[in-house]
2 protein chains.
Amino acid sequence: MASDTLHRRGLMFILSSPSGTGKTTIARRLLDADAEISLSVSATTRPPRAGEVDGKDYHFVDDAGFDRMVAEDDFYEWAHVFGNRYGTPKSHIRAGLKEGRDFLFDIDWQGTQQLYQKDAQDVVRVFLLPPSIDELRRRLTGRGTDSDAVIAARMERARAEISHWDGYDYVIVNDDIDACFAKVRGILEAERIKRKRQTGLIPFVRDLLKPD
Amino acid sequence: MASDTLHRRGLMFILSSPSGTGKTTIARRLLDADAEISLSVSATTRPPRAGEVDGKDYHFVDDAGFDRMVAEDDFYEWAHVFGNRYGTPKSHIRAGLKEGRDFLFDIDWQGTQQLYQKDAQDVVRVFLLPPSIDELRRRLTGRGTDSDAVIAARMERARAEISHWDGYDYVIVNDDIDACFAKVRGILEAERIKRKRQTGLIPFVRDLLKPD
């Protein structure tokens with residue numbers, strides 16, 4: 001009997017960073033490399049586009065359905081975006097956590113706060129920092145076609161996000177994408193071994209302690 | 001600037017398990033593989049044996065010195081063993097933690113409690129479980145030269161230790177020594193990335209947030 005075969009509760013793995021710090025690359029690599037973690041699927045009132053699959057890309061609901069989910073407190077958080085509503089449904093994620101599935105959240109500090117306030121025990125918060133302010137500016141400058149004012153506004157937003165670094169459990173300075181990815185993966189694997197998540201240990205230890 | 005080069009506070013890494021569960025092998029491999037962690041050095045009133053080095057094998061102190069350390073509350077824990085006294089000195093470990101060195105403790109549940117009560121923030125508690133009760137009995141039976149009563153007493157002690165499994169942060173079922181070692185090492189590496197230990201992030205982020 002290996003630890004890996006014992007039942008465990010899943011976790012909510014949050015990756016945050018200012019834009020230009022490699023978060024999207026790391027998130028995609030993690031999803032590719034690890035079959036036990038998937039992106040959380042949002043609910044939306046936006047109509048499906050060609051090729052989008054209900055339950056995979058989004059949970060497509062009508063306005064009445066979304067209203068009902070709000071009324072039943074089924075969202076970790078929700079927001080209006082361009083006339084449609086988007087939200088992270090609790091019931092879907094909680095069912096997955098119970099089955100031992102992990103969920104990746106590529107969200108900012110505000111979203112992190114909302115998740116943490118509702119499910120602190122299941123949340124693991126990881127923040128990526130740029131290696132230096134010059135490197136951040138270089139990454140946010142892009143192809144050099146943007147005005148100074150646009151770049152200054154991006155830098156401002158990045159700094160606002162960085163200022164919340166101390167609301168995270170783990171912090172990684174991303175100066176090398178491979179090393180950063182290895183660390184993110186290592187954190188996920190270690191968190192899975194936490195006693196509190198390994199619900200299957202309770203019957204396992206009960207058996208070990210049975211008198212002969 | 002990589003995370004690895006920022007200053008961090010060290011940690012106290014506790015490995016516990018019932019005897020016969022591979023703890024000593026894992027501890028030795030960890031000390032061999034990782035230069036940043038070392039065994040904590042005990043203080044003792046026992047005279048040095050041939051080849052033992054003061055400050056490396058033990059901190060050798062006389063009775064008056066040991067009394068003074070007890071009076072100054074310089075022990076995490078101490079005990080009489082065969083007419084001599086042994087203890088884990090705080091001041092030495094706390095100085096090391098400040099410098100970013102980690103300490104490995106191969107101790108039982110009682111010692112774990114004592115360390116945790118005094119320095120919870122710096123302590124990481126890992127417990128190893130045997131894969132099954134039959135495998136534990138096999139390992140504790142040894143060469144078959146011990147009486148049933150001796151083996152039964154060993155099983156009793158092992159079960160008493162296992163009963164404290166829920167006082168640990170991480171639990172690993174050791175059914176494969178290589179996989180178990182990889183997990184232990186992964187836990188140590190992830191714990192080092194915890195924000196609270198990375199004291200060097202405070203000035204680093206202050207620099208990132210400096211206005212242009």
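1. Domain bounds in this note come from an automatic or database domain assignment. For chain A, that assignment gives domain 1 (1–36 + 102–212) and domain 2 (40–99). The C-alpha centres of these two domains of chain A lie 22 Å apart.

2. The structure is a predicted model, in which local features need pLDDT of at least 70, side-chain atom pairs count only at pLDDT 80 or more, and totals for chains, interfaces and linings use all residues. Residues are numbered from 1 along each chain as its sequence is written, while chains are lettered from A and ligands numbered from 1 in the order in which they are written.

3. Within chain A, nine residues from domain 1 and seven residues from domain 2 take part in the contact between the domains (residues are in contact if their C-beta atoms, placed from the backbone, lie within 7 Å). On the domain 1 side, strand E7 (102–106) and helix H4 (109–119) of chain A each supply at least two residues. Helices (H or I, at least four residues) and strands (E, at least two) are DSSP runs, numbered from the N terminus. H4(A) provides the largest share of that side, four residues.

4. The contact between the chains takes 33 residues from chain B and 33 residues from chain A. On the chain B side, at least two residues come from each of helix H6 (148–162), strand E9 (170–173), helix H7 (177–192) and helix H8 (201–209). H7(B) gives the most, with five residues.

5. Residue classes are as follows: Ala, Val, Leu, Ile, Met, Phe, Trp, Tyr, Cys and Pro count as nonpolar, Asp, Glu, Lys and Arg as charged, and the others, Gly among them, as polar. The side of chain B that touches chain A has 19 nonpolar, five polar and nine charged residues.

Terms used. Contact = placed C-beta atoms within 7 Å.
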